[in-house]
Each structure stands twice: as C-alpha cells, then as structure tokens.
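I opened the notebook to look at a few helices, strands and side chains. I go through them one at a time.

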Amino acid sequence: MPADLLPDETTVPNRVAVRVLCAFAARKGDLDLRFTPSPSAQDGIQGHTTVTSRRSASYQREVPLSARCGELLVQGRADGFDPATPRLEEIKTHRGDADRIPDNHRALHWAQARVYGWMLCEQLGLDRMEVALVYFNIDTARETVLPVWHSAVELKAFFESLCAHYADWARTEREHRAKRDAAMRSLGFPFETFRHGQRDMAAAVFRAHGAARHLLAQAPTGIGKTMATLFGALRAAPANGTDKLFYLTAKTPGRQLALQALQRLQARPLRVLELVAREKACEHPDKACHGESCPLARGFYDRLPQARQEAAHAGWLDKSALRDIALKHNVCPYHLGQDLLRWSDVVVGDFNHFFDLSASAWSLTLNDELRVGLLVDEAHNLIERARLMYSAELRPVAFQAVRKTAPAALKKSMDRLHRQWSTLARAQAQDHEVLAELPGAFMEALQRHGAELSDHLAHEPADAQGDLQAWLFEVLHVLRVAEVFADHSMVDLTRARVAHGRAQHPVLNIRNLDPGPLLKPRWDAARSATLFSATLRPMDYVSQLLGLPDDTARLEVPSPFDPAQLRVRITPHLSTRYNDRDASLDGLVDVMAMEYTGRPGNYLAFFSSFDYLRQSLDRLRERHPAVPVWAQSRGMSEPERNDFVARFTDDGQGIGFAVLGGAFGEGIDLPGRRLIGAFIATLGMPQVNAVNEQLRQRMQARFGQGYDYTYLFPGLQKVVQAAGRVIRGPEDEGVLVLMDDRFNRAEVRRLLPAWWKL
C-alpha cells in the first residue's frame, strides 16, 4: 500500500473497554471492603442467565456496543436491553442485602449502566431511555431493580465527562507503549557473553513467544535461566503484541532473582510491579478495610489518581518503592498495587496470582482480553501448588468452635449443618472413606449456611471479624472448589480424633488429583508461556499433569558442568526404607562422618521427614561428637531460616541437616566453599497412605503410570533439586552421596541427570 494511503497513527483511536473507563474515571471516595461476600465467576454467569431468562421474547442479551469520543473508542457489551420500554439493564450478582452494597461500588455500577445507555441512544437515535441496575441475589434468586429515566442529552454529557477524565491518561499510555516496544526491540543482553546453554535457552524462549506457543524448558542450575527467559520474552514482546508479561514463582527467592535480573537489564521505560500478598503489604492489620476504620482507605479513590500517576512515572515498583509512593499519597499499598496491575508491563509475583481460583491477574487477563506472556519459574512446583489451590477441607473443630459462640440468628443454620454432618459421621464406616460424589444433602445445607452467614455478616459488620469471618471464608472456599469438582478430583471423609470419649464429625476433603483440566483454561488464555526448571523430567509427566497444549515445544539444555566437578557415590549396603531405618542408622551416620573427616567443609544432609532427621542427628552426635552439626526445625521463621543458611561460610565446617523438599532443598545459592557436598538419605517418595494410594489408582487410570506419577517421579525431582545445591558454577567441586541401595536401580538412574558420573 502506498505510504500516503496508510492511516495516520494519530487518527487510530485509543480503544478502551467500558469497564476500564468507568473504573478509572467514575470511582470516588473511600475504599470500602466491609464484608460484602462476592459471588464466584460461575455464580455470575448463572445469575445473568437466570435474570435474562425471565425477560420477554424481544429482550436482547449481551448487546455489543461502541461509541467514539475524540481519540477514544469505547467498547463493551450491555447485559440486556428491552426495546419495548426502552430499558437498558446492567445486571450485578451479589450475596446479602443489596442495600449494603458500598456506595463506591454502586456508583461504578451506575456509571457502566449510563455509558451503555448513551451508546444505545446514539446507535438507535433515541431521545430518552430508562436505565436500570438489576441486583440479583444468587442465594435467594431475588431481583432488586433500580430504574431511572435519562434523556440522551444527560447520558451523553455523563459519557463525555468520563472520557475527558480518561483521555490524557490514554494518550500517555499510548506513548508509553510505543516507547516501551521500541526499547524492547533494541534490548541488549546485559553481559559481555552468554553462559554455556544460556543463549540456546534465550533463543528458544524468543522463538516460542514470537510464535505464540508454549515452551517447556529444562536447564541445569547455574546457566542463568532467569535472565535467559526474561531477555528472550521481552525481545519477542513487541512483535507478537504482548500487553503484559507475568513472571510467576513458587517462593520469595525466585521473585527476588527476577527483580534483580530486570534491574540488570535496565529496560527503561518498562514498568515493573512486584505483587505481594495482602497480609505482607497491609500497613494497619489491626484495622478493617474501609474509610471509617483505616486512614489509608479513607478517600482512597480521591487520592488514587495522583498516586497512580507518580507510580507510572517511576516505573520501578518493587514492594519498597510501591510502599513509599503509596504512603506519600496516603493510600493503601496493597490496593495501589492491585490498581497498577492493569498499567504495568512486567508483573512479578507468586503462582497464585494467576492460577488460583480467584486470581487477580487471571481475572484481568480475561476481562480485558489481554495478550499476556507467562514465565513460570521452578515449574515443577506448580503441580503440587495447583493441587492445593484446587482443593479444600472443612474442619469440624473450626465449626464447633464458632457454633458455641455464634449469634442467635445463626443457630438454625448451624443446627441444620450440624445434623447433616452427623449423618455423614454415622454413615462413615472407615477412618478414611472415599465418596463416589459430593454429599448432596450436606452440600445443600452448607450452601444455605454460607448464604445465611454471608447475609448476617453483611447486616452486622461488627461480627465480621475473628473466628466467624474466618469460618465463612473456609465455607466459601469449599463451595468454590465444589463448583469445579469433576473426575480430576475426589471427595473423602477423614475421621477426626476422639475427644472426651465421643467421635467427632469427620473432616470433609475435596482433593484435586490432576490439576491439568483446571490449568488448561489458563494456558489457553495466555498468548505464550515458558515453564522452566532444572527438574522437569520426564516431560510427559509434567506436561500431562499441568494440562499443557499438545503442541508445547520442549527444550533440554545440556549441563555446562564437567562430570569431574561432582563425585557421585551410591551406598549399596544402606536402605532408608521405613522398616530398615533402625538397622541402617549406624552405617548411615558413619558414611557421613567418614566423608566429612576426609574432606572437612560445609555439607547438607537431606532426610524424608523431621522424625528421621532427628533420629539421624542424635545418632551422629552420639557416634561422632566431633562433627559440627546444625538442623532445620519445624516451622522455622524467616530469620531462623536465614541463620541456618548463614552458617555456610567460605571457611565454615559442619553438616546442616534438612528435610528434602523443604526450604533448603531448592532456591538457596551456596557457591564455592560455602557448600562442598550433600548427603541424601531418601528417594524423596511420598508416604504410602490411603490418600496417596487413591492418587496412585487415579493416575493409573488416567495415564497408565500410577506408581511413577504418585511416588517415583515426584521423589526423584526433589532429589535432583537438592543435589543441585552443590555445583553452582564452573569452579565448584563437590561430592554427592546417595544413601540408599535403590539409587542403583535402572528405573531410578534414568531419572538422574545425564552428566552425573554414576
């Protein structure tokens, strides 16, 4: 096409969704999160369907609309339109009393309704229209309808006032996007050379993200995976139209490594946001989250524009920087971060921000139809983390505690639930009993109890603190998990301990076994994703349990290390099987002491449990008291974990005892003399118990490898992760002692790194 016929970029409108426009321009006053239990996404869909099914045959549903205002093109879908009146309806689902919906929420709802009203007036040439908010209570199926007639002139003026408020920001955002993409196209690698294998990994990420594909990449520790994935994904972002890149980690150290890499890249004007959990960002944990209690919630939306503007200009928004800006403008740091999620280019946070059932980043991606890229660090952890996200338990101890002190208004509801729980207890024949399906009568009673409790707390906000609110959150989580229950999960009853001579009600567990079906929509929503780790073998196992697309690309980066750097020993005379531990304990600690005496320095010793760790520690002290030791303990605080790691100094000597798969089995970096060896006294396999045997049976039925998927593969991943602490760079040398005869088995050895010389 001739250049003079190409559209002038300045004439191409800035597109904005109605929802985004109103959230930006129509919110005023306090942040008000007084207890208003929100329906799930599925509840919302069902509620909209119920309301619209009650309307006449001429009623129009999901009406696509758009309107221009200067440089803005505003687009959206109106929930419903009755041409006979004419009436535009904006439908909102809720729990509790509609009168208690906070004013700022209601103002946002009215803004959306009026914008859609103007769009219809303009499209149909109407002079006036009835605009109605329809609040639908999902628990009672009752509608609260708030109709107001507006002239087209009034609706147009309101629409234009919102657009005027948003226009400058939209123009600035467009300029930012152009500068950002230009910077990403010319982004340079921050080091003079790539490490061995690092260029291959960066190139694979670049190709995958450029082609809008997913990539599963295994690469050894020490090649710079974090930098390689960020560099490759950022370079690919402009060409494939990526709106946002999410870097997701399992643990805090991974988040910090990502932030350090982004700083090293010096990728200005990239906006980088660190997402942290609400409890870690809250400045006033003793106060409720509304303007009458918390000073940072009072007038939040009035001060938000200035805080947002400064944050966007600053660009670097880790936890500390975001907090400084928030407090400068007297707004809540956590909720400022939630607002900036929409306006940031790279977001660094925990897995749960995208994969949890109520994940904010996931909701934003869907609602704004964003083209997002995902970088999933230490992706082997996502299998178990996802299982936990999509599982729930209901504990009788918590229920009985709140039942004793619950308000009288809740007695009937709690008694009804108590009776259904007693029915389950009487029918339970074994300590652990798997049910064929969710117990219908019990779940119905729980649903009614949740609705009544929600309604009570909405009317009596003073009760929405402490145990009663915590119990409601537990109930709502169970109900939300129950909504997605299918053959990827199981439901079971676990008999609680006998108290005061009487059997307690059983614990109701909904356990996700195969997270793949629930993760699949997340991968489908992402334009591209790279999942990477040092332990992703076998890749079929990881791919199937994570529900990755069939065309996911795969990469295995060879180790850069010389096999001579790591001396690997297997002790064929030792068995750490549960029944053999007492007999092998002397031999096990003797092997450790002999290795340490031959080459004093810092070692880590990994065990399958705290009990086994303590037995081995006590026996080593008894037989070899001259060997210095220190040990991980249950529930260590962050300072205690830091103290444990601090013992590993260049000139230090001793053996640190830790649990395999715990805080010290991955994510810590002890290069050079800080760590010269590791002892692994377990294959890391999960305990054989009733739950894991159910998992084995389900994995066998679904994938044909029940034992491997349940026990062997997860265990060996932990072993390889722990062993990876020893060799961190090309100059490191060390020893790895695998203390179990099963390490000599062919099916085990094939899962160990190929560069280990066994």
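Strand 2 (residues 60–69) and strand 3 (residues 72–82) run antiparallel and are joined by nine bridges. I noted the rule for pairing: DSSP must find at least two bridges between two strands. Helices (H or I, at least four residues) and strands (E, at least two) are DSSP runs, numbered from the N terminus. I then looked at the hairpin of strand 2 and strand 3, which has two residues between the strands. There Gly-70 takes a positive phi near 60°.

I wrote down the ground rules. The model is predicted, so local features need pLDDT of at least 70 and side-chain atom pairs count only at pLDDT 80 or more, while totals for chains, interfaces and linings use all residues. Residues are numbered from 1 along each chain as its sequence is written, and side-chain values use heavy atoms, with hydrogens and water left out.

Next I took helix 9. Helix 9 covers residues 300–314, 15 residues in total. From first C-alpha to last it reaches 20 Å, close to the 21 Å expected at 1.5 Å a residue. The expected span is 1.5 Å times one less than the number of residues. Where does helix 9 bend? I found a bend of about 25° at Gln-306. The bend is the angle between axes fitted to the seven residues ending there and the seven starting there. Just after helix 9, Gly-315 takes a positive phi of about 85°.

I checked which residues of helix 9 are buried (under 20% relative accessible area; exposed is over 50%, partly exposed in between, with a 1.4 Å probe and protein chains only). Among them are Phe-300, Tyr-301, Leu-304 and Arg-308. What covers the buried residues includes helix 1 (18–25), helix 3 (103–124) and helix 4 (152–185).

I listed its contacts (heavy atoms within 4.5 Å). Leaving aside neighbours within four places in sequence, Arg-308 touches Phe-24, Trp-169, Leu-336, Asp-339, Leu-340 and Trp-343.

Four strands form it in the order 13-16-15-14, with antiparallel pairing. Strand 13 (392–394) and strand 14 (432–435) are the edge strands, each pairing on one side only. Strand 15 (residues 489–494) and strand 16 (residues 507–512) pair over six bridges. Met-490 stands opposite Arg-511 in strand 16.
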